[in-house]
Amino acid sequence: MLVTLKRVLTRTHTTRTHKRLFWGSSGPQVFTEDKVFPFSKEDTFLVLASVDKYQEFLPWCFGSKVLNFANREAEVLLTLGNESMKQDQKAIVSFEKPSKVGISMVDNPDSPLKSFDLKWELQEVAPNKTNVKLHLSYDFRSSLHQMMAGSIFQNLQKTLVSDFEKQCKKVLPKE
């Protein structure tokens with residue numbers, strides 16, 4: 001009886017895992033990264049708020065266009081992908097000057113991503129020194145996509161912070 005019960009439990013568990021593995025989402029992945037930049041909070045915020053320059057420092061972004069701007073939010077169209085495949089994706093960029101910028105993808109049934117959110121928090125830690133904290137959360141529509149992209153997305157938060165720092169060094173005056 002105990003052996004039969006173990007087989008049933010194992011079989012049920014395997015079936016659930018198999019089903020979730022290929023069809024269901026495994027849930028959102030959440031990462032944070034922070035680093036102190038040698039720039040003022042206000043200057044760092046201005047670089048983050050320059051939506052039209054996102055292709056210069058966001059990985060896989062080939063273009064960005066503001067469609068609508070109201071209050072502290074912009075509806076933008078981002079062209080994302082790689083050299084062989086690009087897709088337009090709407091996003092909402094929210095601003096809390098001078099300390100926060102958020103980028104949230106608008107749901108798109110044609111995208112393998114169910115959700116993708118970036119939140120940048122800026123905190124001045126000394127004159128001309130700002131702690132930049134990135135919160136990254138994403139969820140694929142299926143675990144298969146999650147598995148396939150897992151290694152690519154695994155260090156995305158480090159790449160985002162590093163590329164953003166390079167952009168700041170490129171466009172901001174040295175203090």
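Q: Which residues of the largest nonpolar core touch the most other members?
A: A nonpolar core is a set of buried Ala, Val, Leu, Ile, Met, Phe, Trp, Tyr and Cys residues joined through side-chain atoms within 4.5 Å. Buried means under 20% relative accessible area, exposed means over 50%, and partly exposed lies in between, with a 1.4 Å probe and protein chains only. Here the largest core has 34 residues, and Tyr-54, Leu-118, Trp-120 and Phe-164 touch the most other members. Helix 2, strand 3 (73-81), strand 4, strand 5, strand 6, strand 7 and helix 4 each supply at least two residues of this core. Helices (H or I, at least four residues) and strands (E, at least two) are DSSP runs, numbered from the N terminus.

Q: What should I know about the model and its numbering?
A: This is a predicted model, in which local features need pLDDT of at least 70 and side-chain atom pairs count only at pLDDT 80 or more, while totals for chains, interfaces and linings use all residues. Residues are numbered from 1 along each chain as its sequence is written, and side-chain values use heavy atoms, with hydrogens and water left out.

Q: With which residues is Phe-164 in contact, leaving aside its neighbours within four places in sequence?
A: Contact means heavy atoms within 4.5 Å. For Phe-164 the partners are Phe-37, Thr-44, Val-47, Leu-48, Phe-57, Trp-120 and Val-132.

Q: In what order do the seven strands form the sheet?
A: Two strands pair if DSSP finds at least two bridges between them. In this open sheet the order is 1-7-6-5-4-3-2, with antiparallel pairing. Strand 1 (29-37) and strand 2 (61-70) are at the edges with a single partner strand each, so one side of each has no neighbour in the sheet.

Q: How many bridges join strand 6 to strand 7?
A: The two strands run antiparallel and are joined by 12 bridges. Glu-124 stands opposite Thr-130 in strand 7. Strand 7 (residues 129-140) also pairs with strand 1, over nine bridges, and there Phe-37 stands opposite Thr-130.

Q: Where is Trp-60, and what is its phi?
A: Trp-60 sits in the loop between helix 2 and strand 2. Its phi is near 65°, a positive value in a residue other than glycine. With a relative accessible area of 38%, Trp-60 is partly exposed.

Q: Is Asn-71 buried or exposed?
A: Asn-71 has 76% relative accessibility and so counts as exposed. Asn-71 lies in the loop between strand 2 and strand 3, with phi near 55°.
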